[in-house]
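Visitor: I would like to go through some labels and see what stands behind each one. Please set the values against the definitions.

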Amino acid sequence: MAANFDQILSMFKINYLPNESGKPSSENFRIDDGASRWLWWWYRYFMENTDYEAYCVARREDDETMTLELEKRFPKIAELYDDWGDIHRGRPMQRNENQWKQWLYERRHLFFIDVPAVQPLALPAVEVTANAFALQIPTSLAKEEVVQLFTKFIDDHYASIQTSPLPKYQLYAPEGRIDQTTFQAVKKSFYVQTVSEHHEQYPTSNAGTGLEVMALELSKELGFSWELEPHQQEALENGTLSMLDLDSIKRQVGRYKSNFAAYVTNTIDGVFPKK
């Protein structure tokens, strides 16, 4: 199933719950959970980009030579740094912690469309929030009449007054569409790569690095359709499982690792999830 551009964009609209000050804050900041998940994976893949990591270190240490070299190789890297900051300072943020929410709030103008709260405006000094408009409605009419007038106004004039500035960073959606299975591919690619790196350091069986075997452990959680035949399971337990018995899994693992590399590479251009 694919989502069109309008559906994707609707996830990236933010609202604010009413508070005493009447002004936006990190406490009353609300975003769609799907948007948070997408942006967290974007951030997490960006952290894997070694060129950006080198740039963060260079800026942190005032290494002008390395800074200029990387800016020459990657035209958008300085702009990305201004927007995303040094994401390698400190430990990685987790999606369910307040630090991540605060990070999103501080950069909300980069990823989201602000949706002003519906509220009465004080007269005579009326201040209209950006991306909103003021409309005079007579209060002497019945509720049904007010609704009728308001609906007619929207039908007649909304196209001419609507302003929907797009956020600077948007999900990569060729032809305005993005396949929802891409989200699962993003997750699977990341975990397969993690497993690969682990088993390159700690081989556990005769099945090469043991990557494909370890990936089986993720099958239930991530939805992989990988299972060992009884004779393969026995060979694994005996330490004699051959990579030749795992060709199908190897091909899938290869694709996920290739996806991972492409996702990471393209983050340096401010694009995600592009393969």
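Visitor: Why is aspartate 86 called buried?
Guide: Aspartate 86 has a relative accessible area of 16%. Buried means under 20% relative accessible area, exposed means over 50%, and partly exposed lies in between (1.4 Å probe, protein chains only). Aspartate 86 therefore counts as buried. This is a predicted model, in which local features need pLDDT of at least 70 and side-chain atom pairs count only at pLDDT 80 or more, while totals for chains, interfaces and linings use all residues. Residues are numbered from 1 along each chain as its sequence is written, and side-chain values use heavy atoms, with hydrogens and water left out.

Visitor: What makes aspartate 86 and arginine 89 a salt bridge?
Guide: Their side chains meet at 3.9 Å, N to O. A salt bridge is a side-chain nitrogen of Lys or Arg within 4 Å of a carboxyl oxygen of Asp or Glu, so the pair qualifies. Arginine 89 has a relative accessible area of 56% and is therefore exposed.

Visitor: How many salt bridges does the structure hold?
Guide: The structure holds 10 salt bridges. One of them pairs arginine 95 with aspartate 33, the closest N and O atoms being 3.1 Å apart. Arginine 95 lies in the loop between H5 and helix H6 (98–106), and aspartate 33 in helix H2 (residues 33–47), so this pair ties together parts that are 62 residues apart in sequence. Helices here are DSSP runs (H or I, at least four residues), as are strands (E, at least two), numbered from the N terminus.

Visitor: Which parts does the salt bridge of arginine 73 and aspartate 51 tie together?
Guide: Their side chains meet at 3.4 Å, N to O. Arginine 73 lies in helix H4 and aspartate 51 in helix H3, so the pair ties together parts that are 22 residues apart in sequence. Arginine 73, at 46% relative accessibility, counts as partly exposed, and aspartate 51, at 23%, is partly exposed as well.

Visitor: Why is aspartate 83 called buried, and what does aspartate 83 touch?
Guide: Aspartate 83 sits in helix H5 (residues 77–84). The relative accessible area of aspartate 83 is 13%, so this residue is buried. Not counting residues up to four places away in sequence, aspartate 83 touches Arg107, Leu110, Lys168 and Tyr169; contact means heavy atoms within 4.5 Å. The C-alpha atoms of aspartate 83 and tyrosine 169 are separated by 9.9 Å, and the two residues are 86 apart along the chain.

Visitor: Why is aspartate 62 called exposed?
Guide: Aspartate 62 is at 65% relative accessibility, and therefore counts as exposed. Aspartate 62 is placed in the loop between helix H3 (50–60) and helix H4 (64–73).

Visitor: What are the totals for helices, strands and buried residues?
Guide: There are 13 helices and 5 strands in the chain. Of its 275 residues, 38% count as buried. Among contacts with a separation of 6 or more, residues 24 or more positions apart account for 68%.
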